[in-house]
Amino acid sequence: KKIPLVLTSLPLVSLIGLRPFHKYTVNTQVICGGLSSSAQCPPSTRTMRQLSFSTRQDRPGAVQSLKVRSLNPYSVQVSWLSPALPNGILTHYVVEIKPEDGETAPFTVDVPVSSAEKNDHIIETIVDQLIGGERYTFSVRAVTEAGAGEADNVVSLTQPLLGNFKS
């Protein structure tokens with residue numbers, strides 16, 4: 001972007017639309033004279049020192065491909081892929097389990113990033129202490145130092161009864 005200067009002081013330049021947790025480099029030149037017929041200085045160009053900076057972390061985007069599979073009446077395997085836009089360094093994931101009976105309180109399971117990811121980039125964990133025959137809603141949020149992301153993907157599942165379980 002070229003900014004014509006008439007004053008002897010430099011204007012402030014606002015950079016908008018920058019993405020979280022990205023590195024940027026700004027190159028600037030000061031050009032005097034030659035831009036108009038009423039130039040107040042002889043034609044010259046001066047390249048300023050390069051400026052590099054990074055933007056801060058932000059809350060991550062939603063996890064992708066959330067899947068929940070019953071292992072037995074009391075346990076499920078929850079799997080997902082990392083967010084397409086992590087917006088920082090992921091610290092952990094939060095799996096939220098909401099029983100749909102209206103009486104039992106929701107609970108969460110924290111999943112560390114390093115221990116959860118497999119070679120094919122699928123992240124998984126086992127959730128225990130469920131009740132056979134009950135219906136649950138599962139969601140997963142990725143977390144950075146800026147906070148938890150959105151839980152756009154939600155999966156509902158009714159746990160099998162002991163006699164009705166199929167592996």
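Q: What is the relative accessible area of S65?
A: In this predicted model, local features need pLDDT of at least 70, side-chain atom pairs count only at pLDDT 80 or more, and totals for chains, interfaces and linings use all residues. Residues are numbered from 1 along each chain as its sequence is written, and side-chain values use heavy atoms, leaving out hydrogens and water. S65 sits in strand β5; strands are DSSP runs of E, at least two residues long, numbered from the N terminus. S65 is partly exposed, a class between buried (under 20% relative accessible area) and exposed (over 50%), found with a 1.4 Å probe on protein chains only; its value is 43%.

Q: What is the phi of S65?
A: Most residues other than glycine have a negative phi. S65 is not a glycine, yet its phi is positive. The value is near 55 degrees.

Q: Which residue's side chain makes a polar contact with the side chain of D128?
A: D128 lies in the loop between β9 and β10 and is partly exposed at 41%. It touches Y74, S75 and F107, leaving aside residues up to four places away in sequence; a contact means heavy atoms within 4.5 Å. A polar contact is a pair of N or O atoms within 3.5 Å; within protein, one must be able to donate a hydrogen and the other to accept it, and residues adjacent in sequence count only if both atoms are side-chain atoms. At 2.5 Å, the partner of D128 is S75.

Q: How far apart in space are D128 and L71?
A: In sequence, 57 residues separate D128 and L71. From C-alpha to C-alpha, the distance in space is 9.6 Å.

Q: How many bridges join β6 and β9?
A: The two strands pair in the antiparallel sense. S79 stands opposite E124 in β9. The number of bridges is 6.

Q: Which residue's side chain makes a polar contact with the side chain of S70?
A: S70 is found in strand β5. It is buried, at 16% relative accessible area. The two side chains meet at 2.7 Å, and the partner is Q159.

Q: Which residue's backbone oxygen lies 3.0 Å from a polar side-chain atom of N87?
A: N87 is in the loop between β6 and β7, and counts as buried at 14%. Residues it touches include P20, F21 and P60. The backbone oxygen belongs to R59.

Conventions
Helices (H or I, at least four residues) and strands (E, at least two) are DSSP runs, numbered from the N terminus. Two strands pair if DSSP finds at least two bridges between them.
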